[in-house]
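Here is a short briefing on side-chain packing. Keep the structure open while you read.

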Amino acid sequence: MYPAEPPQVNPLWQCMRPRLEMMEKNSSDLNWNLHHNQCPCLFFLVSAVSMFLNTLTPKFYVALTGTSSLISGLILIFEWWYFRKYGTSFIEQVSVSHLRPLLGGVDSSSPTNPNTSNGEADSNRQSVSECKVWRNPLNLFRGAEYNRYTWVTGREPLTYYDMNLSAQDHQTFFTCDSDHLRPADAIMQKAWRERNPQARISAAHEALELEDCATAYILLAEEEATTIMEAERLFKQALKAGEGCYRRSQQLQHHGTQYEAQHRRDTNVLVYIKRRLAMCSRKLGRTREAVKMMRDLMKEFPLLSMFNIHENLLESLLELQNYADVQAVLAKYDDISLPKSATICYTAALLKARAVSDKFSPEAASRRGLSTAEMNAVEAIHRAVEFNPHVPKYLLEMKSLILPPEHILKRGDSEAIAYAFFHLQHWKRVEGALNLLHCTWEGTFRMIPYPLEKGHLFYPYPICTETADRELLPTVFHEVSVYPKKELPFFILFTAGLCSFTAMLALLTHQFPELMGVFAKAVSTVLHTNTSAPPLWLSWVS
């Protein structure tokens with residue numbers, strides 16, 4: 001049966017021969033053929049594993065499956081938290097970022113063709129420009145509104161990233177290279193860089209002890225004033241000081257680059273003060289006065305479109321229900337050459353919906369079809385939803401509102417919050433407008449099934465909005481709206497399946513230990529039978 005033993009007996013052969021003879025005797029079907037091409041080392045390994053498994057108790061299997069279920073459950077919880085916070089799978093991100101380069105993979109995000117067409121380059125430039133963060137034209141007052149929210153709820157409505165952007169804006173608009181020539185401006189230049197609010201307020205008071213400083217009054221009105229009336233009083237003092245500085249720098253602006261920069265700074269300060277005074281009047285109920293101040297400001301400084309004062313004007317005109325003037329402002333600013341915003345697109349949709357919404361009925365429209373006016377209203381809604389698809393859920397109160405941030409990302413969730421926070425009341429005032437929006441807004445997504453690849457009336461939806469919105473919005477108590485909705489990554493589904501499978505095995509092993517022990521031994525026997533080694537190779541061992 002076995003080859004003759006050599007004169008010098010191999011110790012390994014002497015140890016393994018009784019075990020091999022017993023295995024051959026107990027095996028019912030051993031088909032040893034050379035074409036199996038199996039290694040005897042694998043045979044010995046499987047034999048040792050089989051012996052080890054046969055000696056295990058059911059308690060071991062319970063502990064094994066329970067531990068596996070616990071570990072996979074922890075991985076699942078971490079993967080789900082990471083996906084909700086960052087919008088991607090941690091395992092997938094690590095695999096793409098670290099393992100793929102080691103394995104020689106190519107990053108699909110890097111450009112592989114240097115000869116990019118002009119159309120693709122223009123689209124890429126447009127996508128980058130749409131991801132630019134803008135100053136919210138309707139931003140609230142920190143001391144009178146944001147801080148009051150914090151005192152009542154204990155929550156911080158502004159993120160560190162948002163406040164840091166505001167600090168950069170203040171340094172850009174309210175400082176210049178010649179500030180060191182005036183002691184008060186030199187103090188305020190340092191104050192705008194302070195992170196501590198109390199340090200900024202103390203510096204503003206110190207600057208006012210030296211002279212009437214317009215930027216010091218601005219800081220106190222924004223951060224120290226606890227009511228809108230107090231903020232308005234401080235802005236009026238800032239206006240008096242700012243107008244004097246503006247007149248003096250206007251006379252000297254052509255005497256050199258230094259005076260030109262100083263005049264530009266004084267112009268920004270004056271425009272900012274007048275705009276905030278108009279917003280104070282709007283908040284205190286003097287809407288007509290606010291409209292007049294905004295119109296005068298736009299006539300006096302027509303080139304300063306970066307402040308987006310027309311959006312403040314549109315909101316005030318809607319409050320007065322002066323829809324003819326609203327249409328006139330839209331005709332001027334809803335132009336193809338000007339950057340769009342949710343305020344312009346949704347206000348245009350509101351005006352067209354106003355003409356038909358009071359008599360609109362979805363049942364009647366399905367029977368007779370849409371009229372020309374109704375079709376125009378629906379197309380305007382689709383246009384607005386394509387520009388910013390996050391707004392309808394806030395207008396229809398399907399998602400809760402929070403205080404708008406100081407900066408917004410166009411076409412993002414931050415812009416949707418800022419628009420709905422101020423304009424929801426105007427949509428409610430127009431009878432049937434929200435009903436028409438509710439019936440038609442989802443039809444937009446049938447026209448643009450792949451929004452990240454191709455748009456309908458606008459450029460493809462930028463992919464950077466989610467990341468920027470998570471920096472601008474307080475994700476601690478607000479769930480950022482994501483478009484298009486992302487499917488669950490493969491690794492989350494795989495981890496969930498693994499966790500469920502191991503938990504089921506742990507439960508079955510705990511409830512039926514003997515049966516699961518028999519099942520484990522049967523599996524080990526099958527593995528042992530399928531990986532046995534041919535007797536012809538045993539001569540090699542000897």
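Buried here means under 20% relative accessible area, with a 1.4 Å probe and protein chains only. By that cut-off, tyrosine 246 and phenylalanine 301 are both buried. The model is predicted.

**Aromatic pairs**

- Six aromatic pairs turn up in a search of the whole structure.
- Phenylalanine 174 and tryptophan 192 make a tilted pair, with 5.3 Å centre to centre and 45 degrees between the planes.
- This pair links distant parts of the chain, 18 residues apart. Phenylalanine 174 belongs to helix H7 (residues 160-174), while tryptophan 192 sits in the loop between helix H8 (183-191) and helix H9 (197-210).
- Phenylalanine 174 is buried, and tryptophan 192 is buried too.
- Tyrosine 246 and phenylalanine 301 are edge-to-face, because their planes stand at 80 degrees, with the ring centres 6.2 Å apart; the cut-off for edge-to-face is over 60 degrees.
- Here the partners are 55 residues apart and again link distant parts of the chain. Tyrosine 246 lies in helix H11 (residues 228-252); phenylalanine 301 lies in the loop between helix H13 (287-300) and helix H14 (309-319).
- One aromatic cluster is formed by Phe174, Trp192 and Tyr272.

**Charges over rings**

- Arginine 276 places its charged end over the ring of phenylalanine 141, 4.1 Å from the ring centre.
- Lysine 410 lies over the face of tryptophan 134, and its distance from the ring centre is 4.0 Å.

**Nonpolar cores**

- The largest nonpolar core has 94 residues. Those touching the most other members are Met188, Ile218, Phe235, Ile273, Tyr346, Leu395 and Trp427.
- Helix H16 (residues 342-354) contributes the most to this core, with nine residues.
- A second core is separate and has six residues, among them Leu138, Leu140, Tyr146 and Leu158.
- Leaving out residues up to four places away in sequence, tryptophan 427 touches Tyr346, Leu350, Leu395, Tyr419, Ala433, Leu434 and Leu437.

**Helix H20**

- H20 covers residues 413-429, 17 residues in total.
- From first C-alpha to last, H20 reaches 24 Å, close to the 24 Å expected at 1.5 Å a residue.
- H20 is mostly covered, with 13 of its 17 residues buried.

Note on methods: Residues numbered from 1 in each chain as written. Predicted model: local features only at pLDDT ≥ 70, side-chain atom pairs only at ≥ 80, totals over all residues. Heavy atoms only, no water. Helix = DSSP H or I, 4+ residues; strand = E, 2+ residues; numbered from the N terminus. Expected span 1.5 Å × (residues − 1). Buried < 20%, exposed > 50% of the residue type's maximum accessible area, 1.4 Å probe, protein only. Core = buried A, V, L, I, M, F, W, Y, C linked by side-chain atoms within 4.5 Å. Contact = heavy atoms within 4.5 Å. Phe/Tyr/Trp six-rings, centres within 6.5 Å; stacked < 30°, edge-to-face > 60°. Lys NZ or Arg CZ within 6 Å of the ring centre and 35° of its normal.
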